[in-house]
Structures are given as structure tokens and as C-alpha cells.
Amino acid sequence: MQIQLEVFGMLRDRLKDRLPGGRGTIEVSDGASLDQLAKQLEIPIVANCVVMVNGQTERDRSRPLPANAKLTLIPPVAGG
């Protein structure tokens, strides 16, 4: 199945070859969870990363992603 993925911060830098501009379509297995997606993309999704699925905050990293979902990942920001 396909999902629309938008990433920010360090994740945008890590995925620049696969997601130019930090957004694009990703092919995942049917019923894939957020944890499985992170493993597939080889990216860290830390506990305090903001995750949104179809505009709603998602805290359960093991819940299956719906087909054609819009997934947004915003890693924590540090600095000052």
C-alpha cells in the first residue's frame, strides 16, 4: 500500500534522496505499523517525536497504518 509521508528536521536530512523536499509517496506492506515503517526507512522515531496520521496525533507506534494515509513526522527540536 502507499502512504503520503512528510518529514521535518533531521529526518528530512536523512531521507533527502528518497523524499526530495521532505515529502513524497512511500510503498509499505499492507497493515504496516509506524515502527515497521521506521525500520524500512532506517530512521529513528524517538518517543518525543510528533507523529500525525491523517492530521491526528498518533501515540501508538504499533497500530497499523491505513492505506493512503498522510503521515507527518516531526522530530524534537533542540537548541536556542
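This is a short tour of the structure, stop by stop, with what to select at each one.

Before you click, note that this is a predicted model, where local features need pLDDT of at least 70, side-chain atom pairs count only at pLDDT 80 or more, and totals for chains, interfaces and linings use all residues. Residues are numbered from 1 along each chain as its sequence is written, and side-chain values use heavy atoms, with hydrogens and water left out.

**The core**

Start by selecting Leu-37, Leu-71 and Leu-73: of the 23 residues in the largest nonpolar core, these touch the most other members. Such a core is a set of buried Ala, Val, Leu, Ile, Met, Phe, Trp, Tyr and Cys residues joined through side-chain atoms within 4.5 Å. Buried means under 20% relative accessible area, exposed over 50%, and partly exposed in between (1.4 Å probe, protein chains only).

Now colour strand E1 (2-7), helix H2 (34-41), strand E3 (50-53) and strand E5 (70-74), each of which supplies at least two residues of this core. The largest share, four residues, comes from H2. The labels are DSSP runs numbered from the N terminus: helices are H or I with at least four residues, strands E with at least two.

Zoom in on Leu-37 and show Ile-3, Ile-26, Val-28, Leu-65 and Leu-71, which Leu-37 touches, not counting residues up to four places away in sequence. Contact here means heavy atoms within 4.5 Å.

**The salt bridges**

There are four salt bridges in the structure, each a side-chain nitrogen of Lys or Arg within 4 Å of a carboxyl oxygen of Asp or Glu.

Pick Glu-6 and Lys-70, whose side chains pair up at 3.8 Å, N to O. Glu-6 sits in strand E1 and Lys-70 in strand E5, so the pair ties together parts that are 64 residues apart in sequence. Glu-6 is buried at 11% relative accessibility, while Lys-70 is partly exposed at 45%.

Next, go to Arg-63, partly exposed at 44%. It bridges to Glu-58, with the closest N and O atoms 3.2 Å apart, and to Asp-60, where that distance is 3.9 Å. Glu-58 is buried at 15%; Asp-60 is partly exposed at 31%.

**Two loop asparagines**

Most residues other than glycine have a negative phi. Select Asn-54, in the loop between E3 and strand E4 (56-57): its phi is positive, near 50°. Then try Asn-68, in the loop between E4 and E5, with a positive phi near 60°. Asn-54 is partly exposed at 45%, whereas Asn-68 is exposed at 61%.
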